[in-house]
Each structure stands twice: as structure tokens, then as C-alpha cells.
Amino acid sequence: PATMTAFMLIGLICLIAGVLFLIRPGVLVKMSELFNQIVATDSKTLKYRVSAGLIFVALGLFFLFMAYYFNSRGWL
């Protein structure tokens, strides 16, 4: 179903963005030229990159868990 796909897609995007904030912030700066409206990579965001990365990872895991949970209950 479309809802489960959306949860999984959002979860994966958040998880990848979080890992990039934590491990490879330079990659985000390069990607910002293409996706500047999706991921803000200004100097203030990069200053707090660990916090932003952890938040994105937590959101990604949450959305992936919700997709799994809803699917296992047959709600999606």
C-alpha cells in the first residue's frame, strides 16, 4: 500500500540524512547544491550536526518501525 511505502521512504531518507550528518557532513554540503530545499546545510546546521544527525536517525528508525508495526497488524 501507498501509506507503508511512504513510511518506509520517509524512514530511509531520515536515516540516511542522519547518518550523513553524523559521519560525512561534507557529503551533505555537496548534495545541498542539488537538494538545498530538502536538507538545510547552512553553517548553523553543521554546527549542531551531531544533534541534527541523531534526530534524523531517530525519526528514520521511528518511521521504519511504524511501517513494520502497521504492516504486521494488517493496518496498511
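View 1. Of the 76 residues in the chain, 26% are buried (under 20% relative accessible area, with exposed meaning over 50% and partly exposed in between; 1.4 Å probe, protein chains only). This is a predicted model, in which local features need pLDDT of at least 70 and side-chain atom pairs count only at pLDDT 80 or more, while totals for chains, interfaces and linings use all residues. Residues are numbered from 1 along each chain as its sequence is written, and side-chain values use heavy atoms, without hydrogens and water.

View 2. Among contacts (heavy atoms within 4.5 Å) with a separation of 6 or more, 73% join residues 24 or more positions apart.

**View 3. Helix α1.** The 22 residues of α1 reach 31 Å from first to last C-alpha, close to the expected 32 Å (1.5 Å times one less than the number of residues). Buried residues of α1 include Gly11, Cys14, Gly18 and Phe21.

**View 4. Largest nonpolar core.** Met4, Phe7, Phe63, Met66, Ala67 and Phe70 form this core (buried Ala, Val, Leu, Ile, Met, Phe, Trp, Tyr and Cys residues joined through side-chain atoms within 4.5 Å). Helices α1 (2-23) and α4 (49-73) each give two or more residues to the core, and α4 gives the most, with 4.
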